[in-house]
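Trainee: Please pick one part of this chain and take me through it closely. I would like to see how it connects to its surroundings.

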Amino acid sequence: LDDILGRTATADTVSLGDLVETVGPRGHAFLTLFLALPFSQPIPLPGISTIGGLAIAMVGFCLARQSPLWLPDRLARGKFSAASVRQICLFLRRWQERIKRRMHLKEHAIFLRPSTSRWIGLAIAIMGALLSLPLPIPTTNFMPALAVLFLSFAALEEDLRVLLIAYFLVAINFVIFSALILLPVFGIRWLNG
């Protein structure tokens, strides 16, 4: 957060590629946390959520493969207002401090296993893909973004309780999106009698 705040102190805009370069090796989880934050409110943002969701899915895929962060040039060149980036960083710092105080976070040995970050990356990639769906339905942005926030925070803080909450949110997302797919199918069958 300090590096990003320093980089954006004098700039008007900052690119997604610059953010990736700034966050370095632990950047996968931080970048998904950063990208998911604007969508963690109930009002859907179709169009923007598609780009954000695809970026989150790609970063999650890189984490799952244990490969360095990579984004296509078009996404990497995407610009953000430096003032907005600073506001997000300050919000993340306050959020992190509150969660640390309330939950008394402790690092857990499960995060030493490479398979843990692979599963977290896979879950982030799936949630990013769900977020990218252009659905103008309330909570279809919020719920995947919330799961991404908790998955990312669990990876950064290496806390098992936060990870369990994150996987619970992933399961809720599967139920919600399965219902969005299956209910119309059952409704059409019922109408056809």
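Mentor: Start with isoleucine 126, which is partly exposed at a relative accessible area of 33%. The model is a predicted one: local features need pLDDT of at least 70, side-chain atom pairs count only at pLDDT 80 or more, and totals for chains, interfaces and linings use all residues. Residues are numbered from 1 along each chain as its sequence is written, and side-chain values use heavy atoms, with hydrogens and water left out.

Isoleucine 126 sits in helix H7. Helices here are DSSP runs of H or I with at least four residues, numbered from the N terminus. Isoleucine 126 belongs to a nonpolar patch on the surface, together with Trp119, Leu122, Tyr167 and Phe174. A patch is built from residues with over 30% relative accessible area and no salt bridge; nonpolar side chains (Val, Leu, Ile, Met, Phe, Trp, Tyr) are joined within 5 Å, and like charges within 9 Å. The five residues have about 480 Å² of accessible area together. That area comes from the Shrake-Rupley method with a 1.4 Å probe, and for residues only the protein chains shown count as cover. H7 and helix H9 (160-192) are the elements that give two or more residues to the patch. H7 provides the largest share, three residues.

Now move inward. In soluble globular proteins, nonpolar side chains tend to be buried together. Here the largest nonpolar core has 54 residues. A core is a set of buried Ala, Val, Leu, Ile, Met, Phe, Trp, Tyr and Cys residues joined through side-chain atoms within 4.5 Å. Leu19, Leu31, Phe34, Leu92, Ile120 and Leu151 touch the most other members. H8 gives the largest share of this core, 11 residues.

H8 itself is mostly covered, with 14 of its 16 residues buried. From first C-alpha to last, H8 reaches 22 Å, close to the 22 Å expected at 1.5 Å a residue. The expected span is 1.5 Å times one less than the number of residues. Just after H8, glutamate 158 takes a positive phi of about 55°.

In the loop between H7 and H8 you find threonine 140. Threonine 140 is buried, at 3% relative accessible area. Beyond its neighbours within four places in sequence, threonine 140 is in contact (heavy atoms within 4.5 Å) with Leu130, Leu131, Leu135, Phe177 and Leu180.

Next, take helix H4 (residues 48-65). H4 has 18 residues and reaches 26 Å, close to the 26 Å expected. Its buried residues include Ser49, Gly52, Ile56, Val59 and Leu63. The buried residues of H4 pack against H2 (16-23), H3 (27-36), H5 (73-76), H7 (114-131) and H8 (142-157).

Look at valine 59 in H4. Valine 59 counts as buried, at 0% relative accessibility. Leaving out residues up to four places away in sequence, valine 59 touches His28, Leu31, Thr32, Leu69 and Leu71. Leucine 31, seen from its own side, is in contact with Leu16, Leu19, Val20, Val59 and Leu69, again leaving aside neighbours within four places. Valine 59 and tryptophan 70 are 11 residues apart along the chain, with 7.2 Å between their C-alpha atoms.

Arginine 65 also belongs to H4. Arginine 65 is exposed, with 56% relative accessible area. Just after H4 comes glutamine 66, with a positive phi of about 60°, although glutamine 66 is not a glycine. Glutamine 66 lies in the loop between H4 and H5 and is partly exposed at 40%.

Finish with charge. Side chains of opposite charge can pair when their charged atoms come close. A salt bridge here is a side-chain nitrogen of Lys or Arg within 4 Å of a carboxyl oxygen of Asp or Glu. By this rule the count is one. Aspartate 159 and arginine 161 form it, with 3.6 Å from N to O. Aspartate 159 is buried at 2%, whereas arginine 161 is partly exposed at 39%.

Conventions: Buried means under 20% relative accessible area, exposed over 50%, partly exposed in between (1.4 Å probe, protein chains only).
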